[in-house]
Amino acid sequence: MALRAAILRHVRLPLQTAPKLHHNQPHPCLASFRFMSSHDDHITKEQVTDRVLAVIRDYPKVDPSKVTPNVHFEKDLGLDSLDTVEIVMALEEEFKLEIPDKEAVRIDSCNLAIEYISNHPMAS
Amino acid sequence: MSNALKNVKVAPNSATLAEARHRVFDFFKTACRSLPTVMHIYNLDDVTSISELRSTVASEIRKNSHVTNPKVIDMLLFKAFEELKNVVDMAKQRHHIIGQYVVGKQGLVQDRATKDQGISPFLKNFYNSNYS
């Protein structure tokens, strides 16, 4: 951080309008101007899905063959509400999140969990 | 520690069973969030894992799941918070944690340290029986 501040204080760039770009394909020499930004560094939905399914399969009361991305914890897997809370806490630990109570109550099934985690900016 | 304010949660009486249930889930979440701290301060990494401790806490809660009187649930929660506070404040010691929460129904600590992975199945089953 100190290096970045030092560079920003001392480097002067000539004033010019940046060329118009399609934002998915950064111009190769302009890509380096934002090499310290984590703006595009989000976890992908496939990674979220894989990790969520792995967490649910590792839960001892769950039959791993029944786990699909659409499975409902209480109806399909036969868990009770305490097990659901435990799975949500396991997901919090896996993705280093802290899910507030109002959202955690809503997470009843696997696809809701995947959707919540993919939309969370701090999921890692 | 963000979960260090457990002494604030003194029990007002729950009006309904639903409110008591909500407080039980709050307790469970507080306990789960303090598990990494517990694993660290008691050096439990070679004996158990966070998910096993979480399952142990859940099964202790489930032992009392038949209770329907909200005041009894409040009393149990009070004792649970007291126990959690003792564990997190390191008022207990490692052998207490292992004996009460890790050595479960199977009666023996499962070997998880790397030094034990090479030992023979004979030695692993030694405590169970001479003849297996």
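This is a short tour of a predicted model, stop by stop, with something to select at each one.

**Stop 1: the two chains together**

Start by colouring chain A and chain B separately. At their interface, 16 residues of chain A are in contact with 13 residues of chain B. The size of an interface is often given as the accessible area lost when the parts come together. Here chain A and chain B bury about 1400 Å² between them, and 54% of that is on carbon and sulfur atoms. Now select A:Leu82, A:Glu86 and A:Met89: they supply 42% of the area that chain A buries against chain B, more than any other three residues.

**Stop 2**

Next, show H3(A), residues 81-95, and H3(B), residues 50-63. How do these two helices pack? The angle between H3(A) and H3(B) is about 160°, and their axes are 11 Å apart. Angles over 145 degrees count as roughly antiparallel, so that is the label for H3(A) and H3(B). Their crossing is right-handed.

From H3(A), pick A:Leu82, A:Asp83, A:Glu86, A:Met89, A:Ala90 and A:Glu93; from H3(B), pick B:Ile50, B:Arg54, B:Ser55, B:Ala58, B:Ile61 and B:Arg62. Colour this contact by class and you get six nonpolar, one polar and five charged residues.

**Stop 3: salt bridges**

Side chains of opposite charge can pair when their charged atoms come close. Over all chains, the whole structure has 14 salt bridges, and six are found across the interface of chain A and chain B.

Select B:Arg62 and A:Asp80, whose side chains meet in a salt bridge at 2.7 Å, N to O. B:Arg62 lies in H3 of chain B and A:Asp80 in the loop between H2 and H3 of chain A, so this pair joins two chains.

Then jump to A:Asp101 and B:Lys29. They form a salt bridge too, with the closest N and O atoms 2.9 Å apart.

**Stop 4: inside chain A**

The crossing of H2(A) and H5(A) is right-handed.

Which residues make the contact? On H2(A), select A:Lys45, A:Val48, A:Thr49, A:Val52, A:Leu53 and A:Ile56; on H5(A), select A:Cys110, A:Ile114, A:Ile117 and A:Ser118. By class, that contact has seven nonpolar, two polar and one charged residues.

How values were computed:
Residues are numbered from 1 along each chain as its sequence is written. Chains are lettered from A and ligands numbered from 1 in the order in which they are written. This is a predicted model: local features need pLDDT of at least 70, side-chain atom pairs count only at pLDDT 80 or more; totals for chains, interfaces and linings use all residues. Side-chain values use heavy atoms; hydrogens and water are left out. A crossing is left-handed if the near helix is turned anticlockwise from the far one by less than a right angle, and right-handed if clockwise. Helices (H or I, at least four residues) and strands (E, at least two) are DSSP runs, numbered from the N terminus. Contact means heavy atoms within 4.5 Å. Ala, Val, Leu, Ile, Met, Phe, Trp, Tyr, Cys and Pro count as nonpolar, Asp, Glu, Lys and Arg as charged, and the others, Gly among them, as polar. Buried area is the accessible area (1.4 Å probe) that two parts lose on being put together, summed over both. A salt bridge is a side-chain nitrogen of Lys or Arg within 4 Å of a carboxyl oxygen of Asp or Glu. Axes are lines fitted to C-alpha atoms, for helices over the stretch in contact, and angles run from 0 to 180 degrees between N-to-C directions. Angles under 35 degrees count as roughly parallel, over 145 as roughly antiparallel, 65 to 115 as roughly perpendicular and the rest as oblique.
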